[in-house]
Amino acid sequence: MTENHARKDPREVSREELYRQVWQTPMSRLALEYGISGNGLAKICDRLKVPYPKRGYWARKAAGQKVITFRLPPGDEGTPQSVTITPTPPPPQPQKLPDEVQIKSEAARAEATTISVSDRLLRPHPIIARWLAEHDRKKREARLERDPWRKNLLKPTEWSESDRRRHRILDALFKGMERQGARVQEDDRHQLFFEVNGEKIEFQIREKQKQTRRPLNEDEQRWRTPGDSDWRRELQPTGKLVFSIKTYLPANLRREWLETDKASMESLLPDIIAILVAVGPLLVERRKQREEEERQRRFAEQKRYEEQQQRKLDDNRWRRFVELAVQRREAETARQLLEALKSLDVNLQNEIAGNSIADWIAWAERRLLRSDPLNHGVGAIFEFIAQFTTWTY
C-alpha cells in the first residue's frame, strides 16, 4: 500500500477491494491509512460482511505457521457493496492562553518543581488531618461496640498503601496551591474543590481500576447453570493514580493525568498546578461572558416583550377606531331613515305605545346625536381611543 497516512479526504472502497486490503495489511496499519481507528475499520468490515484476520493471524503467518484465510461471502440484498470511509477529525488543539495567564501559569509550574511529596505525613493539611481523625474516631467506636454486627458496621476500612500515598500527594498539592493563593475546600458530599480567583474547580484523585476475569469460587460454581461462563468480570486496582478536573475547562485545557511507569503522579504535580492556576482567570472571563450574554438575552427578551405590547396596544386602538367607523356608518344610515320618516305626511300627534310620533322622532334624534362619533369632535374621538390599553380586548 502506498497511501498517504496523513490523507484527509474521504475514500470510497468496494467490498471486494476492502476484503483484499484487510488480508494484505494488518488492520491497525490499514486503519491509519484511512485515518480511522482499528476498531472503527473492524465495524465497517462487519457492516459490509467482509471477513478479516483475527488476533494473532499476522504473528503466526510471520512465524511460518499455517493460517486460515476466509473467503468473501456473497452479499445479500441488504449488504452495501461499497462504503465511503471518512477520516476521524483530529482532536482540537489547546488554544493559546492570554500572555498574562501563560506567564502566571509558567511561574506556578516553575515554583511547583520544588514541591516534594514526603514519605510520611508529619503536619498534614487540615482537610487530610480531619480525614485521619475521623477514621481514628470510627475505629475507636468500633472497638467499644459489643454487638458483633454493629462492630462490623462501624469499623472503617483500613487505609491501603494507595490511600496513604494519595493522602501524601494531596497534602503536597493542597499546600502548593495555597501558596498560589488558592483555597481548598470540601463540600457536604465530600467533593474536593479549589477556589481560584473566586471560581470553583472540582477535582478528584483516585486509583485506576482494570477489568479482569476471575474464576468462579465454590459458592458461585454451585449456582452456575449450564451455558454460564466459568469466570466473572471484576475490577482490580492497578496501583496507578488518576487525577481528574471535573469542572469544565475552557481553551481545551488538559483535564486528566494518569501516572505511568515513566511518569509518577508526584512528577505530574507541577503540570497539574500550572493548569489549575491558569484555569482561574479563564473561568472568571468565561463567567463574565456568560453574564454579559445573559444580560443581552434579557435585554432582547424585554425589547421583544415591549414591541409585542406596543403592537397589541396599536391593534386594540385601531380596532376601536374601526368600530367607531362602523358606528358612524350605522348613524348615517339611521339619519337617512329618520329624514325619510320626517318627510312623510303623518299626524305627529298619533300615539304609539303611549308616545306620540313627534316624541318618537325626538327620541330618535337624541339617540342619533349621541351615537354619531363626529358629533363629539375630533379631539374627543382620539382622546377616547387613547384610553385603550393592551388589556382592553
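Of the 393 residues of the chain, 30% count as buried, where buried stands for under 20% relative accessible area, exposed for over 50%, and partly exposed for what lies in between, with a 1.4 Å probe and protein chains only. The model is a predicted one, in which local features need pLDDT of at least 70 and side-chain atom pairs count only at pLDDT 80 or more, while totals for chains, interfaces and linings use all residues. Residues are numbered from 1 along each chain as its sequence is written, and side-chain values use heavy atoms, with hydrogens and water left out.

**The whole chain**

Begin with the C-alpha trace, which spans about 130 × 70 × 60 Å along its principal axes. The radius of gyration of the chain is 42 Å, whereas a compact globule of 393 residues would have one near 21 Å; the radius is taken over C-alpha atoms, and the globule rule is 2.2 Å times the number of residues to the power 0.38. Colour by secondary structure next, and twelve helices and nine strands can be found, these being DSSP runs numbered from the N terminus, with H or I over at least four residues for helices and E over at least two for strands.

Of the contacts in the chain with a separation of 6 or more, 64% are between residues 24 or more positions apart, a contact being heavy atoms within 4.5 Å. Colouring by charge brings up 74 positive and 62 negative side chains, with the centres of the two sets 7 Å apart. In that count Lys and Arg are positive and Asp and Glu negative, leaving out His and the chain ends, and each charge is placed at NZ of Lys, CZ of Arg, CG of Asp or CD of Glu.

**The nonpolar cores**

Now select Leu170, Leu173, Phe174, Met177, Phe194, Phe243 and Ile272, the residues with the most contacts inside the largest nonpolar core, which has 41 residues. A core here is a set of buried Ala, Val, Leu, Ile, Met, Phe, Trp, Tyr and Cys residues joined through side-chain atoms within 4.5 Å. At least two residues of this core are supplied by each of α5 (99-112), α6 (126-144), α8 (161-179), β4 (192-196), β5 (199-215), β6 (231-245) and α10 (265-342), and the largest share, twelve residues, comes from α10. Apart from this core lies another, of 20 residues, including Tyr19, Met27, Leu48 and Tyr57. In soluble globular proteins, nonpolar side chains tend to be buried together.

Returning to Leu170, show its neighbours: not counting residues up to four places away in sequence, Leu170 touches Ile128, Trp131, Leu192, Phe203 and Ile205.

In helix α8, pick Lys175, which counts as partly exposed because its relative accessibility is 31%.

Move to helix α10 and select Arg287, partly exposed at 34% relative accessibility. Glu332 is also placed in helix α10 and is partly exposed, with a relative accessible area of 28%. A distance drawn from C-alpha to C-alpha between Glu332 and Ser371 reads 9.8 Å, for a pair 39 residues apart in sequence.

Ile36 is found in the loop between α2 (27-34) and α3, and counts as buried because its relative accessibility is 13%. Leaving aside neighbours within four places in sequence, the contacts of Ile36 are Ala31, Leu41, Ile44, Ile85, Thr86, Pro87 and Thr88.

Go on to Lys49, in the loop between α3 (38-47) and α4 (57-62), where phi is positive at about 55 degrees although the residue is not a glycine. Lys49 is partly exposed at 42% relative accessibility. Most residues other than glycine have a negative phi. The tour ends at Ala353, in the loop between β8 (351-352) and β9 (355-356); Ala353, not a glycine, has a positive phi of about 55 degrees, and it is exposed, with a relative accessible area of 74%.
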